[in-house]
Each structure stands twice: as C-alpha cells, then as structure tokens.
Amino acid sequence: MTDPICSACWILEPAWRSLTERYRDLIEVQHVYGGLLRGWQGFHDVGNGIRRPKDVAHHWDEFAERSGQPINSSVWLRDPIDSSYPPSIALAAVRLLAPEAEDAFLRRIREELFLNGRNIARPDVIEALVTELGLAVDPYRQLVENGTAQAEFERDLVRTHELGARGFPTLILEGPDGRITLHGWLGPDRLEEAFLSVSGATRRSPVASISEAMDRLGTGTSLEYAALTGQSVAVVEQLLTEAGAELHAAGQGKVWSPRSRVQEPA
C-alpha cells in the first residue's frame, strides 16, 4: 500500500527499484493507494509533528538527510498540495486505461514531486505526465470526470483497510514459500531477504555494468544506482560521470539521467 505523496515510500525507492529490476521476471506488482491526505482540515500527524503544509517541508528535509535519498521539499512552501486524492485518482485512471503503464506513471509522478518540487495534485501537471507517457488525454479525462477513476480509487481505500495497513509503505510479499508483511522504510538487503524467503528464488548478483544500470533505471538518484549496482555512492557517481550521464541537483542530493545514448568507458 502506498500514496504518491508519501516520503517514506520515496525513500524506499532505492531498495524497491533494485529488487524489481533484478528479479522483474519473478515479480508481479499490484499497487494499492491508501489516501494519505484527504485534506488539511482537521489533519494532524502527531508522530511527525505535522499540522499544516509548511511542517511537511521540515519533515521531508529530515528524511532526506537521514536516508541519503534526495528530496526537494520546496513545494510545501511555494505551492502546497491540498490533497493526495487527485494524483491517486489519476493513478487509478491510468490503471484502468493502460495497466501496463501504471508503474511508470507512479514513478514519474514521484519524480515530479520529490525531485522537481511540483504540485502533482494540479490537473495540468497530471495531464502533462499522462501525455508524456504516450496516453491520450481525452479518455483519461473522461475516466476522471465521470467518476470511474474515483470509484476505482475508493476500492483501493477499502482494500487498504481490509489488508490492515498501519501506514505507508506497507508491502505484502506473497510466494510459494509464504507471506510477509513489511511496514515502512527499509534497506535493499532487508527487502531482498524477505523476497527470497517467500519466493524460493536464487539470489542474483547486482547489475555489474553502469551502462546496463542506466538502461534499466533511466533517471535515478545516486542511492538508487548504488543499490542496483552494489557499489558505494561515491564509486557509482564516478562511474556515472565517466559514462557521460547527465547530472541534476535535487534538494541536497544528486540525480542522474542517461543522455540520448552514452557509451560505457573502456
């Protein structure tokens, strides 16, 4: 279970992307959107000291410092998000329209928020990402406007309750050797061990080639590339630089994108 504005879900991305990329032929993913923020009226996250949008900026900055995963928290000071329901409904619409594109759309929404600091609850931002994904806007808009996407999202809210999510992210891993429920932010090794314990799969090596890692991840943070390759952040940043990857700043961290086609250094 997840939510598009959940910072702990974003911090999970290095572990999650490493696992799903290395074992992608063995994994079937089903996202359930849990509705983290209906609205600000009456909202109070006691554990994190959040009552109003500007409190989120400080919380995100702390998460970024603790985890090493960059976060651009400026949206909460410039153009705060009123609710996580609009992007969740958008994700439900994409699931109905093109289920094979749901993963990519969730990732792009998160990049726009956590790396670029954009308000992903705005219809123009969402529709631009739908177009970028190669989907037609009119069928997407129809699903949103006629309530079909909202009904799909509301089914996710029911499932979140039925599955017993205490917070986000909540991961339920099921396989031939059992079922495990994991809560919150965890590292690549812990997530992989849990997956191996329920799947019976043989452990796979990290991706050895930085060129292959770029092909698999595309845009990724230093920590995401480090998790996928098994290298330290310092080493992977050097390899990405030598490979000609494009560097962007996000918050206090670094984000990398392959250029049109880069050659791996000899």
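Is Thr160 buried or exposed? Thr160 is buried, at a relative accessible area of 8%. Buried here means under 20% relative accessible area, exposed over 50%, and partly exposed in between (1.4 Å probe, protein chains only).

This is a predicted model: local features need pLDDT of at least 70, side-chain atom pairs count only at pLDDT 80 or more, and totals for chains, interfaces and linings use all residues. Residues are numbered from 1 along each chain as its sequence is written, and side-chain values use heavy atoms, with hydrogens and water left out.

View A. Thr160 belongs to helix α9, residues 148-162. Helices (H or I, at least four residues) and strands (E, at least two) are DSSP runs, numbered from the N terminus. Neighbours within four places in sequence are set aside here. Beyond them, Thr160 is in contact with Met1, Val32, Tyr33, Gly34, Ala165 and Phe168. Contact means heavy atoms within 4.5 Å.

**View B. The largest pocket.** Its volume is about 730 Å³. A pocket is an open set of points on a 1 Å grid over the protein atoms alone, where a 1.4 Å probe fits, with protein on both sides within 12 Å along at least five of seven lines; lining residues have an atom within 4 Å of a point. Grid points are joined across faces, edges and corners, and a volume is the space filled by probe spheres set on the points. The lining has 30 residues, and Glu28, Val29, Gln30, Ile172 and Leu173 are the closest to the centre. Elements giving two or more residues are α2 (13-22), α6 (102-115), β1 (170-175) and α10 (188-199). The largest share, six residues, comes from β1. By class, the lining has 18 nonpolar, six polar and six charged residues. Ala, Val, Leu, Ile, Met, Phe, Trp, Tyr, Cys and Pro count as nonpolar, Asp, Glu, Lys and Arg as charged, and the others, Gly among them, as polar.

**View C. The second largest pocket.** This one has a volume of about 520 Å³. Its lining holds 20 residues, with Arg17, Thr20, Glu21, Asp103 and Arg107 nearest the centre. At least two residues each come from α2, α6 and α11 (210-217). α6 gives the most, with seven.

**View D. The β1-β2 hairpin.** β1 and β2 (residues 178-183) run antiparallel, joined by six bridges. Two strands pair if DSSP finds at least two bridges between them. The hairpin connects β1 to β2 through two residues. Glu174 stands opposite Arg179 of β2.

**View E. Thr181 in β2.** Thr181 sits in strand β2. Its relative accessibility is 37%, so Thr181 counts as partly exposed. With neighbours within four places in sequence left aside, Thr181 is in contact with Thr170, Leu171 and Ile172. Leu163 is 18 residues away from Thr181 in sequence, and their C-alpha atoms are 9.8 Å apart.

**View F. The buried side of α13.** Val236, Glu237 and Leu240 are buried in helix α13, residues 233-242. These residues lie on the same side of α13 because they cover an arc of only 100° around the axis. The arc is that of the directions from the helix axis to the C-beta atoms. Their cover includes α11, α12 (222-229) and β5 (253-257). Just after α13, Gly244 takes a positive phi of about 85°.
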